[in-house]
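Please keep the sequence and the structure in view.

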Amino acid sequence: MATQIRGPLLNPILVREARTRMRGFRPYLILTIFLLLLILSAFGIYQYMVFQARTGMVVLSSHIGQALFRGLAFTEMFFIVLVAPILTSGAISGERERLTYDMLLATPLRPGQMLAGKLIGALSYLLLLIVASIPVFSTVLIFGGVELRTLVWVILLLGSAALFFGTIGLFCSSLFGRTTPATIASYVVVLILCGVPLLIASIWPQFSNPMGQSPPPWLLYLNPFSAIVAVTTVTPTTAQPDVPFFSPSDPFMVVPFLSQFSVGVVRYAPEGPVLMPVYRATLLGFWLGTFVLLWFSSHLALPARRWRPRWSDLGFIAVIGAIALFIWMRIEWWWIVPPVDPWLMPPEPMPVPIEPAPLP
Amino acid sequence: MTLAIETIDLTHRYKKLVALDRLHLRVEQGCIYGFIGPNGAGKTTTLRILAGLLTPTKGEVRLLGERLTTRAAQRLVGYMPDFFGVYDDLRVWEYLDFFARCYGLRGARLRQVVDELLDLVDLAGKRDAFVQTLSRGMQQRLCLAHALVHDPPILLLDEPASGLDPRARVELRELLRTLRDMGKTIMLSSHILSELAEVCDAIGIIDHGRMVISGPLAEVQQQIATGARARLRIARESDVVLALALLQRQPLVSAVGAAPADPRSLVIDFSEPLDEEQCAAILAELVKAGVAVSEFSARSENLEELFLRLTASVGQLDGQAAAVGANAGNTASVRR
């Protein structure tokens, strides 16, 4: 008689991913390219800062540290956004193409377990990339200038972005039967999330009414690059209206392409430039998006009766509800209210002297 | 004894297409049941429903007397699909280890099951080889082993012999017999009918989603095909006309004709099965009339001819709403 079926102790998909993820030359090639990219970025930024110093700019050690940290965090985010969807876009569609999906469905493995195994497998590889980049990142320690708080935020953002963009690939993989359309679709979503908001933000002042207004921060909530720029930009500790907000040694301001990622993150108020903390909303948006996409994927991965309610839906609803409640409770912290552009502020009314009424 | 597989009025529709039309299927425990049908007849749909991968539009399925649920199918059934895939980047033992883990096996039991199955399918020597390096026959056996990791009493094999060379087919046949001896009920679909005839205890022929005939192989062949056709060879060409005239007068003969390649060979079709005495009487009459008969053989239809005849007649009968009961117990039943 058949063995009584128990739940697996360890997710079998995860065990398989752990066994096979590093097989073949591809994982090592990706790792090598990633590390080379980081090293080249670090070297380029350092050379640029040295060049700045040679041209007579005041470049402090902390400036170099901050610029290096920012550049490396940006490069790492760029790589995660690029690689995470690829790692997961073949998760379900690949099983369908390989004709193993029916065999998997015939086992007691649930679609949720399959998705979780695939996602964690992909994320563990991304984690390996992040861990492998620690030696390159540690060059920042030589120069200093980075707060622990910033480091924690960057790690949180990188981890959440890996989760979110990995889930986008997973969702597309569940939606499409084949891996190529799934990969293309996930990149279209990535482009929409990363490129379109920046494009709109850059042309916003020309099309706003009245013209010249700063773009609203919500436009950049789900943009990982804006979040990285916002979290790594060093704000002056004291209000110094005479000192420029960005140091000329900051590569984001000077390099024309990279400066585009700052659009919308900085507002100019009467009291000086103000940094929009859009990364808070980015983090929550990524978490919410991850769970919503996972919920859709777990239904799309089913072969039949996809949208019939299941008990596991309650878990998803609970998590999504908890995130929504958390957002609601800290709405003022999350909902970033930008200051009004100075030129839009109504001029202060001039005091009109009131002449005493002539005595009769 | 409780039936291993029983379907009652099983119907499945893919939008407007009726894939299964009130299918009645009864498979006894411990037998190898061959499921035959032309492409699109509904074989794979039936097997997918039995494996819990499809929910039928209508009807009932029982496995070992238990009403089919996804959970019951996962526990009771081992399924090997028609076009199965393998994980190329896994080693042979890892492949079985993966599926064993899916069924919750762990620790020493997990290792034991993997080792036993590798021995059973004769792949112990390839334990550490990558799956992609195995031959098609070995991959087929490995896939069969994956369906056995949870020791299911019922095995559903969709076209297990397709793409195999003769040696691999023989090996597979032996393996199926071993599994039957272990008490497993095996239901397999195939297009290679000679293959099924050699290994199956019972067969069912399905066409257009309906069961045409089902029952023990010997009974099906006896009931449908015994003596329905005979071959006669005449020594002298001059006797052929006389023989034709005599045979056409026989009440049981429905058609008689000379083979185009050999005018002295006559093929006689009978309207109903003949027993040995009837055959002897016809032969005696021919000899008495002076026809020099050099060879007379009443021939049973082989499975292939039976399949072609039955599926052709179903095509003609298509549209009639007669429900067909199929009984794999003592009597074979035919849809007429």
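In chain B, strand E4 (residues 58-63) and E5(B) pair in the antiparallel sense over two bridges; strands are DSSP runs of E of at least two residues, helices runs of H or I of at least four, both numbered from the N terminus, and two strands pair if DSSP finds at least two bridges between them. B:Arg62 stands opposite B:Arg67 in E5(B). The model is predicted: local features need pLDDT of at least 70 and side-chain atom pairs pLDDT 80 or more, whereas totals for chains, interfaces and linings use all residues. Residues are numbered from 1 along each chain as written, chains are lettered from A and ligands numbered from 1 in the order written, and side-chain values use heavy atoms, without hydrogens and water.

E4(B) and E5(B) belong to an open antiparallel sheet of four strands, ordered E2-E1-E4-E5.

The contact between the chains (heavy atoms within 4.5 Å) takes 36 residues from chain B and 30 residues from chain A. B:Asp97 and A:Arg19 meet there through their side chains in a salt bridge (2.9 Å, N to O), defined as a side-chain nitrogen of Lys or Arg within 4 Å of a carboxyl oxygen of Asp or Glu. Across the interface of chain B and chain A, the rule finds three salt bridges. Helices H2 (70-76), H3 (92-102) and H5 (136-146) of chain B are the elements that each give two or more residues to the side touching chain A. The largest share, eight residues, comes from H3(B).
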